[in-house]
Amino acid sequence: MTEQVDTETPDFVMVETYKSKEAAQKHPQEPHFKHLFGAFEKEGLFAKAPYLAHTTTKAGFDLDRSLL
């Protein structure tokens, strides 16, 4: 997880890689994920609602998906 540092209200970014869109959609429903985000909510870490962003790698070490 990373935190934006150049703003008064930082964004927290979790970068995760999934083998399928279905796996990405299922993960937030898992108990451990709900527990983590419940703790974030309780601590007041969310300035805005969390969301799942689907991205694609354009460059860098992550481009070689054969390692997954």
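Predicted model: local features only at pLDDT ≥ 70, side-chain atom pairs only at ≥ 80, totals over all residues.
A search of the whole structure finds two aromatic pairs. F33 and F37 make up a stacked pair, with ring centres 4.5 Å apart and an angle of 15 degrees between the planes. Both residues belong to helix 2, which covers residues 31-42. Along that helix F33 and F37 are four residues apart, or about one turn. Both F33 and F37 are buried. The grouping also takes in F40, as F33, F37 and F40 form one aromatic cluster.

Attention can now turn to the histidine. H27 is found in the loop between helix 1, residues 21-26, and helix 2. The relative accessible area of H27 is 16%, so this residue counts as buried, the cut-off being under 20%.

The side chain of H27 takes part in polar contacts with two partners. With the side chain of Y18, H27 makes a polar contact of 2.6 Å. With the side chain of E16, the polar contact of H27 is 3.2 Å. When neighbours within four places in sequence are left aside, H27 is in contact with E16, Y18, H32 and F33.

Definitions and conventions: Residues numbered from 1 in each chain as written. Heavy atoms only, no water. Phe/Tyr/Trp six-rings, centres within 6.5 Å; stacked < 30°, edge-to-face > 60°. Helix = DSSP H or I, 4+ residues; strand = E, 2+ residues; numbered from the N terminus. Buried < 20%, exposed > 50% of the residue type's maximum accessible area, 1.4 Å probe, protein only. Polar contact = N/O pair within 3.5 Å; in protein donor to acceptor, adjacent residues only side chain to side chain. Contact = heavy atoms within 4.5 Å.
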